[in-house]
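Here is a short report on one protein. Look over the sequence and the fold, then read on.

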Amino acid sequence: MKKLFAILTACFMLTAFVACGNSGNSSSGTSNNDSVSFDGSLENYMTALYDGIDENNMPAVMTTPITEEMEEFFLGTTADFKDAVASDAMINAIAHSVCLVRAENADKAAELAKLIEEKANPTKWVCVEAEKKVVKQRGNLVLLVMSNPELTDSIVANFDKLEA
């Protein structure tokens with residue numbers, strides 16, 4: 001009986017280690033520096049990023065302001081920015097995070113995008129990893145998306161269509 005229990009325990013632990021392994025499928029996007037100044041509500045811009053995306057292909061999300069205490073979790077770093085919001089999956093076992101960060105101007109946003117590109121962690125969740133990571137900049141806004149490839153691409157396409 002003890003041998004059976006030991007074998008079952010070993011199998012369970014092996015399964016847990018395999019499930020938490022790093023798949024290494026992250027990729028990165030590029031920055032786009034233009035002179036547009038986005039001064040509207042970040043929450044409204046975030047809503048626009050999800051326009052046209054089928055709700056059945058999306059996890060339930062909650063949008064929250066990125067505070068000084070949480071910026072390293074969401075962005076992978078501490079940085080100087082005007083304001084920011086994050087839209088993360090409400091279930092921690094789903095790797096999905098969208099962050100919008102507003103900088104003072106386009107030049108500071110470009111610097112911020114480079115920093116976030118280097119530091120954002122697509123494995124910040126327990127036992128799951130975002131399949132795709134994209135950091136993109138337009139004017140004074142920086143977008144960070146870490147999610148599945150289809151959803152990431154749709155959100156990035158909507159970011160490219162945002163109107164100031």
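Predicted model: local features only at pLDDT ≥ 70, side-chain atom pairs only at ≥ 80, totals over all residues.

D83 sits in strand β2 and R102 in strand β3, so the bridge ties together parts 19 residues apart in sequence. The two partners differ in cover. D83 is partly exposed, because its relative accessible area is 28%. R102 is at 6%, so it counts as buried.

The structure holds four salt bridges. Another of them pairs K124 with D88, with the closest N and O atoms 3.5 Å apart. This pair links distant parts of the chain: K124 is in the loop between α4 and β4, D88 is in strand β2, and 36 residues separate them. Both K124 and D88 are buried.

D153 and K132 form a salt bridge too, with their closest N and O atoms 2.5 Å apart. D153 belongs to helix α5 (residues 149-161) and K132 to strand β4, so parts 21 residues apart in sequence are tied together. D153 is partly exposed at 39% relative accessibility. K132 has a relative accessible area of 19%; the limit for buried is under 20%, so K132 is buried.

## Overall fold

The protein has five helices and five strands. Along the sequence they follow the pattern α-α-β-α-β-β-α-β-β-α. Of the 164 residues, 40% are buried. Take the contacts between residues at least 6 apart in sequence: 65% of them join residues at least 24 apart.

## Pocket

The largest pocket has a volume of about 150 Å³. It is lined by 13 residues, and M62, F74, D88, A89 and M90 lie nearest its centre. D88 is also the salt-bridge partner of K124.

Which element gives the most to this lining? β2 does, with three residues. β1 (61-65), α3 (71-75) and β2 each supply at least two.

## Surface

The accessible surface comes to about 9,300 Å², and carbon and sulfur atoms account for 55% of it. M62, M90, I91 and I94 make a nonpolar surface patch of about 400 Å². M62 and M90 are also among the residues nearest the centre of the largest pocket. I91 lies in the loop between β2 (83-89) and β3 (97-102). Its relative accessibility is 54%, so I91 counts as exposed.

## A backbone detail

Most residues other than glycine have a negative phi. C127 has a positive one, near 65 degrees. This residue lies in the loop between α4 (106-119) and β4 (132-138). C127 is partly exposed, with a relative accessible area of 36%.

Terms used. Residues numbered from 1 in each chain as written. Heavy atoms only, no water. Patch = residues over 30% accessible without salt bridge, like charges linked within 9 Å, V, L, I, M, F, W, Y side chains within 5 Å. Areas by Shrake-Rupley, 256 points an atom, 1.4 Å probe, with all protein chains shown as cover. Salt bridge = Lys/Arg side-chain N within 4 Å of Asp/Glu carboxyl O. Helix = DSSP H or I, 4+ residues; strand = E, 2+ residues; numbered from the N terminus. Buried < 20%, exposed > 50% of the residue type's maximum accessible area, 1.4 Å probe, protein only. Contact = heavy atoms within 4.5 Å. 1 Å grid on protein atoms, 1.4 Å probe; cavity = no way out; pocket = protein on both sides within 12 Å on 5 of 7 lines; lining within 4 Å. Points joined across faces, edges and corners; volume = space filled by probe spheres on them.
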